[in-house]
Amino acid sequence: MSETTVVPEDTSTELHPPSEPDRPRRHRRRGRKAVIAVGVLAAVGGAAAAGLGFAGRDGSGGGSAAGLPPATADVTRQTLKDSQSEDGELGYGTASAAAGRVPGTLTRLPDAGERITRGEALYEVDDKPVTLMYGGTPAYRDLKPGVEGADVGQLERNLKALGYSGFTVDDEYTDATADAIRRWQEDHGLDETGVVELGRVVFAPGAVRVDSLDAQEGAATGPGQKVLSYTGTAQVVSLELDTADQRLAKKGTKVAVELPDGTRVEGRVQDVSTVVDPGNGGDEEATTKVKVTVALDGAKAQRTAASYVLAAVHVFFTAGERKNVLTVPVAALVALPEGGFGVEVVRGSTTAYVPVETGLFANGRVEITGEGIAEGTKVGMPA
């Protein structure tokens, strides 16, 4: 004959032991644990144990006259994967603005989509180039003999990469540096002053792709006037996640990107940031989103995606994976009054509550380990 512990229904959302459970109406076998049955968990893949809610079975201890649980499920051995797909947009990422510093007339602009590399003119003012060089420090002053700083080292590294020599690459702008600059100025039709005036060089992290033009050839330009916007040359995927799904997108996480033709390429989470949309100030409340940028891994992935300038894609995240583990439906978990979780093991006409350790939650199932728990073990389930 089976036996059942009768407890009052508790619909609270926090885990705690029962206060004073009803006395069993049937014979209680020695050693039997009083439990609060955990009902259906609202969250399935990735739910934290702290999110479990109570939905205790009724006082009958089950749906059958014999006191057995109303349903059972088998413990299954399988690979558990916490994965999710999200819609994204293939493109070139966030654009940066190039604003004029040198006053004059715009005499040449690139085409949208044009790619520009180190040493090439980003645009021209009064028939003289504004040159792209690589570096993370924005230009903010004239560079001339006697000046020291990281921006000087950045300029000298570019000069060396472009084939100029005769100076030491460091943070000091020396007369030797000025000599190299005069040779560079001569090669580009600039006045040979040995001084790099503010605005003559634009520094970017690498090669750029012109995203859009904000001025026309023949227009006047000057300090602070936006000329064009540019991005990097490598394609990336941009997408947004709900804050509840932030666990999926840790920086460096590998993902799969499905292109419009069904081809899948490898990617990696490059950047994650949280943004707040303040709403419209009326009935629309502020919302928080997680913005994610995914880089396509390797030249092969870039070549595969190259035929799409902009495209809707699917991104597949895997937050966790456990191979060859024992799992049960999340709804089979019960919260034990002494703390922790268990399952109601059913053997024939008897049942017993067995403490378990939980692992990964995914797709409505949870990884468990516990004494006597094996593949094929039957556990109680709510109706």
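Tutor: A residue is buried when its relative accessible area is under 20% and exposed when it is over 50%, with partly exposed in between (1.4 Å probe, protein chains only). Helices (H or I, at least four residues) and strands (E, at least two) are DSSP runs numbered from the N terminus. This is a predicted model, in which local features need pLDDT of at least 70 and side-chain atom pairs count only at pLDDT 80 or more, while totals for chains, interfaces and linings use all residues. Residues are numbered from 1 along each chain as its sequence is written, and side-chain values use heavy atoms, with hydrogens and water left out.

The helix to examine is H3, which spans residues 298-305. Its buried residues are Ala301, Gln302 and Ala305. Viewed down the axis of H3, these buried residues fall within an arc of 100 degrees (taken from the directions from the helix axis to the C-beta atoms), so they line one face of the helix. Lys300 and Arg303, on the other side of H3, are exposed.

Now for the chain as a whole. The protein chain has three helices and 22 strands, and 42% of its 383 residues count as buried. Contact means heavy atoms within 4.5 Å. Among the contacts in the protein chain with a separation of 6 or more, 66% are between residues 24 or more positions apart.

Strand E8 (residues 128-134) shows burial in a strand rather than a helix. Five of the seven residues of E8 are buried, so this strand is largely enclosed by the rest of the structure. Two strands pair if DSSP finds at least two bridges between them. E8 has an antiparallel pairing with strand E7 (residues 121-125), joined by four bridges. Within that pairing, valine 125 has lysine 128 in E8 as its bridge partner. E7 and E8 make a hairpin with two residues between them. In the turn of this hairpin, aspartate 126 has a positive phi of about 55 degrees. Strand E8 also pairs with E9, here in the parallel sense, and again four bridges join the strands. Leucine 132 has valine 202 in E9 as its bridge partner.

There is also an open sheet of four strands, with the order E4-E12-E10-E6 and antiparallel pairing. At its edges stand E4 and strand E6 (115-116), each with a single partner strand, so one side of each is left without a neighbour in the sheet. Inside that order, strand E10 (residues 208-213) and E12 are paired in the antiparallel sense over five bridges. Valine 210 stands opposite tyrosine 230 in E12.
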